[in-house]
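The sequence and structure come next.

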Amino acid sequence: MRRIWALLLAGLVLFASGCIGDSVGLNEEKVMKAIESIHTGTYQENVSITMNLTDPSSNKTVDVLMKFKTSGAFNLSSGIEAGNFSLLMEYFGMNITANWPYFLNGTQAFFRIKGKWYNVTNADIANESRGSLNIEAIKRLLNVKNVTIKKLSEGYSFRINVTYWELVNITNRSDLVLSQMKMRDIENVTTKEGWVEVHLTKEGYPVYVEEYFRVVVKIKTWDSAVPINVTIHDVVVFRDINGKVEIKAPEGLEKALPLEGSIL
């Protein structure tokens, strides 16, 4: 009797931990195939960035908060994407807000600012609105990192530790980041903590992506390097994967002017 109960308890533990059925569950190959089969979908992304530093000239603490929210739809087959991008910045007692509809067509990017469409194709912030890039990032992440896919009550998930520079290289942003660092006299970026967690459906489609980073950014000054503590938290939720998504080009794009100066 004791042996039977022991076997039964062992079986319950294995079942609860998701070990039973692993042979018919998800693996990296199935997830890659599922991701490669994605053509359409909708998304919502929320990003918060907090920065903290000590001003060397006054020895005062400076806190900066930035929040970005993007909601939109994409069609990878046609290369179009559309939605709404908003931001909030708080620093030195000031608030800066923006709320811009956007339309992306291939390599071209358009924002509607104060009722007028502008071509912002070369602006750094244009690609940050492209929520579908997160899907490509997951695929590249699986190509360079070994992951352990766990069974959840609904679907699957995996979580891996990653440095800021690893993610920059995975998302092919090294040239952009390095140019921005040079432009802003940034000496280096050191990762203190970094991880990515992805939730998947039973078919392998990503439905939830969360990124968290704590980094120290050192900026050159005339006599020293000032460290800035930065925390980045990014959450993306995908819906309607391969569902019917209608994206129409808005009127007025043919008259869109290039945006001169800072987009803010």
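## The sheet

Twelve strands make up an open sheet with mixed pairing, in the order β7-β8-β9-β10-β11-β1-β2-β3-β4-β5-β6-β12. The edges are held by β7 (150-151) and β12 (257-258); each has a single partner strand, so one side of each lacks a neighbour in the sheet. Helices (H or I, at least four residues) and strands (E, at least two) are DSSP runs numbered from the N terminus, and two strands count as paired if DSSP finds at least two bridges between them.

This is a predicted model, in which local features need pLDDT of at least 70 and side-chain atom pairs count only at pLDDT 80 or more, while totals for chains, interfaces and linings use all residues. Residues are numbered from 1 along each chain as its sequence is written, and side-chain values use heavy atoms, with hydrogens and water left out.

## Hairpins and strand pairs

β1 and β2 run antiparallel and are joined by 16 bridges; M51 has V64 in β2 as its bridge partner. The two strands form a hairpin with four residues between them, and N59 in the turn has a positive phi of about 65°.

β2 also pairs with β3 (residues 80-91), in the antiparallel sense over 11 bridges. Here T70 has F85 in β3 as its bridge partner. The β2 and β3 hairpin has four residues between the strands, and G79 takes a positive phi near 75°.

Antiparallel pairing over 13 bridges links β10 (residues 206-220) to β11 (residues 225-239). Within this pair, V217 stands opposite I228 in β11.

## Helix α4 on the sheet

Helix α4 (residues 133-144) packs on the sheet and touches β1 (40-55), β2 (60-75), β8 (156-161), β9 (186-200), β10 and β11. Contact means heavy atoms within 4.5 Å. The direction of α4 makes about 70° with that of β8, where axes are lines fitted to C-alpha atoms, for helices over the stretch in contact, and angles run from 0 to 180 degrees between N-to-C directions.

## The cavity

The structure holds one cavity of 30 Å³ or more, and the largest cavity has a volume of about 50 Å³. A cavity is a set of points on a 1 Å grid over the protein atoms alone where a 1.4 Å probe fits but cannot get out, and lining residues have an atom within 4 Å of a point. Grid points are joined across faces, edges and corners, and the volume is the space filled by probe spheres set on the points.

The lining of the largest cavity consists of N134, A137, I138, L141, L167, V196, V209 and E211. α4 and β10 are the elements that give two or more residues to this lining, and α4 gives the largest share, four residues.

Conventions:
1 Å grid on protein atoms, 1.4 Å probe; cavity = no way out; pocket = protein on both sides within 12 Å on 5 of 7 lines; lining within 4 Å.
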